[in-house]
Each structure stands twice: as structure tokens, then as C-alpha cells.
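Here are my notes on the model you sent over.

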Amino acid sequence: MPGAIYAEGLVKTFGAVKALDGVDLDVPEGAVMGLLGPNGAGKTTTVRVLTTLLQPDRGKAVVAGIDVLKHPNEVRRSIGLSGQFAAVDEYLTGRENLRMVGRLYQLSPRDAKARAAELLERFNLAEAADRPAKTYSGGMRRRLDLAAALVVSPPVMFMDEPTTGLDPRNRQQLWDVIQELVRGGTTLLLTTQYLEEADRLADSICVVDHGRVIARGTADELKARTGGERVEVVVHDPARIATAREVLTGLGKGEVAIEEHTRRLTVPVTGGARLLAEVIRELDGRDVEIDDIGLRRPTLDDVFISLTGHAAEQAPENGDTEENERGGRTSREEAAV
Ligand SMILES: Nc1ncnc2c1ncn2[C@@H]1O[C@H](COP(=O)(O)OP(=O)(O)OP(=O)(O)O)[C@@H](O)[C@H]1O
Ligand SMILES: [Mg+2]
């Protein structure tokens, strides 16, 4: 039986851009799936298809046991969505926004009022509750939008980059809220650019690129696939990076990754601490002064880089061809102010 969120062979083309090229997903009830991928990979398009906002060209989608293409209205009653770009009514206050959502979901006026007050408190918006949302900062809007998605707790939730633009404290608090939601049995699909977030929250992870799922598994499985330990060296003098690279190429077991501005070199290794000593000896022998050196396990960032060829934050924009997307980006930029 398919899980609470199920997709098979989703295809969606926008002109020349194949946004989805056969996406398959299966999220068991009560689980959290993290959808990772560089900009333009197809994450938002996947979420839009699953939340009935966009018709795919091909494929099948079932959410909360309901066929998304055949019965979109029923699906809408069973899901909550917090989109990548906050959708709050600018002219209403935070409190009014939340009460309105509660009423839309058929809460009684009293319950809608109580729920709004509770969420404003949880999301640190109590002080600003009675100001129009247009006076809110980017992070405050984001939080209001997330609170709106949580007015009722539907069995299946979708969150598209929920913590983008939040400061560390608010991000942490949102993680707590999400964990609580999931403990209550909600199935969640979340997209994120913060790999630490996926590591913390997701039971399983799908990495998408160019509209396809290119890897899936738990965070630990993906890390294990990327290889074992790595040695990380920070050299003192940028002019010595090339020599350090030669040393690491000789002793390591794969490609040496170099971050010029931090003078950091990383290479997958086998042999652990003994090899570390050897690296230090050899660097010393060739007069490469080091500021820092260590052995570490791969992170999800390493996984991301090895799968997609670039880091999550530096992923290139792919396809600015479209109005919607451009409009969205502008509002995100505004939200970042
Ligand atoms: N309505 C549309 N019209 C034309 N092209 C679109 C449309 N929506 C998405 N695309 C294109 O489809 C591709 C996938 O976009 P999508 O928004 O799903 O990416 P994403 O993984 O969410 O990226 P990001 O990390 O930047 O949010 C991109 O190339 C995008 O430009
Ligand atoms: Mg997106």
C-alpha cells in the first residue's frame, strides 16, 4: 500500500524546461521526508503537484490515500502547505491573518481566536500581533506564514524551505514545532537548502537534480555511500595550497576538494589516525605550514557536493525564464530585507 505521500513517474515540462522528469516518492505515514536539491532541481514543482496547485503532464500522485489528480478538493482538505514564498495578507494584522485561516478551516470563532493567540506566542509574534503584516520583517512574515499552515494540524503537511530567512533562534524553535507536529502523527514533506535541517528532522532524504531523484536513503545511508572518513587541512599560506594538494592526492583515496578563501583542503581517506600522522609528516617535510588539521566523518554537505557537483548554497540558478519564478524571487529578496 502506498504511503501517506506517494508519487510515481511525475513529469512536468515548461516550454523547453523539463522541471520534473519522472519523480517517484513514497513517504510512510507519520514519517518526515526531506527533499534536497540545487536551485531549479524541481523541489517546488514537486510540492505544487502534490498539493494540487499544478497539473503534471504525466504520472500519478496519491496523498493521504486520495488520488491528487482525480480528487484535488478532497486532497486540499487533508493537507497543510507552507510555500516557499510567504502568502500572508499584507493588510491584515498577524492575529487577523491567523483567525481568518482558522475560520476558513471551519473552526468556531472562539477556537480560531484561541488558536491564533497560541500560535502567535509560539512563533514569537505576540508583540507584533496587532500590527498589519506589511510592517513585518522578512523573518516575521515567514513565521506568520508557517503559523498559518499550522492553524489546524492536517494529517499531511508540505513545507517548502520553511526556515529560509529565519535567524538561528527562530529556526531552532521552528524545528521544535515541527518535531512536535510529527510526534502527533503528521506526515511531512519538507524541502530545504540547509542540510543540517534535513539531518535533524528527516527520516529519509531524496536528493533531486534536473527533475529526477538521484539518490535516496536515510542521512546515514547517504553519508556512508559518499565514503568514510576524510582528512581536512587548513594551510597557513594560500601559496602552498598546490603543494598541499599534491600531498593529499598522494595519500588520499579520491579527489581533493579545495576551498580557496578558507585555504581548506579535504580528501577522502582510509587508514584513520595513522594516515593523519603521515599527512602531517609529509606536509612538514615539504614545508607546508598548517593552521588546522583533522579527521572527520562525511556530512550531508559532502553528500550533496559529491552527488550534484556543487555545494547547496552555491548551486547555480537554472532557468530564470518565467514570470512566476521571477516574481517570487523578488518577494523573497524583499523578505530578506
Ligand atoms: N511556472 C513555470 N514556468 C516555467 N518554468 C518553470 C515554472 N515553474 C518552474 N519552472 C522551472 O522548472 C525548474 C524547476 O523549478 P522549481 O521551482 O521546482 O525548482 P526548485 O528545486 O524549487 O528550486 P529552488 O531551490 O530555487 O527553489 C526550473 O528550471 C524553473 O525555472
Ligand atoms: Mg523551490
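Predicted model: local features only at pLDDT ≥ 70, side-chain atom pairs only at ≥ 80, totals over all residues.

1. Helix H9 (residues 241–251) and helix H10 (residues 272–285) pack in a right-handed crossing. On the H9 side, the contact uses Ala244, Val247, Leu248 and Leu251. H10 supplies Leu275, Glu278, Val279, Glu282 and Leu283. By class, that contact of H9 with H10 holds seven nonpolar residues, two charged ones and no polar ones.

2. What follows H10? The loop between H10 and strand S14 (290–296) contains Asp287. Asp287 has a positive phi of about 60°, although it is not a glycine. Is Asp287 buried or exposed? Asp287 counts as exposed, because it has 9 C-beta neighbours inside 10 Å and the cut-off for exposed is 12 or fewer.

3. Arg263 is another residue to look at. Its phi is near 60°, a positive value in a residue other than glycine. Arg263 sits in the loop between strand S12 (257–259) and strand S13 (264–268). Arg263 is buried, because 20 other C-beta atoms lie within 10 Å and the cut-off for buried is 20 or more.

4. Check the length of helix H6 (residues 168–183). At 1.5 Å a residue, its 16 residues should span 22 Å. The end C-alpha atoms of H6 are 23 Å apart, which agrees. Just after H6, Gly185 takes a positive phi of about 105°.

5. Four strands form an open sheet in the order S2-S1-S4-S5, with antiparallel pairing. Strand S2 (17–27) and strand S5 (66–67) are the edge strands, and each pairs on one side only. Strand S1 (residues 5–14) pairs with S2 in the antiparallel sense over eight bridges. Ile5 stands opposite Val27 in S2.

6. Which strands does helix H1 (residues 43–50) lie across? H1 lies across S1, S2 and strand S4 (58–63). H1 runs at about 115° to S1.

7. Last, the chain as a whole. It has twelve helices and 14 strands. The C-alpha trace spans about 75 × 45 × 40 Å along its principal axes. Of the 337 residues, 39% count as buried. Among contacts between residues at least 6 apart in sequence, 68% join residues at least 24 apart.

Key. Residues numbered from 1 in each chain as written. Chains lettered and ligands numbered in written order. Pairing = 2+ DSSP bridges. Helix = DSSP H or I, 4+ residues; strand = E, 2+ residues; numbered from the N terminus. Contact = placed C-beta atoms within 7 Å. Axes fitted to C-alpha atoms, helices over the stretch in contact; angles between N-to-C directions. Left-handed = near helix turned anticlockwise from the far one by under 90°. Nonpolar A, V, L, I, M, F, W, Y, C, P; charged D, E, K, R; others polar. Expected span 1.5 Å × (residues − 1).
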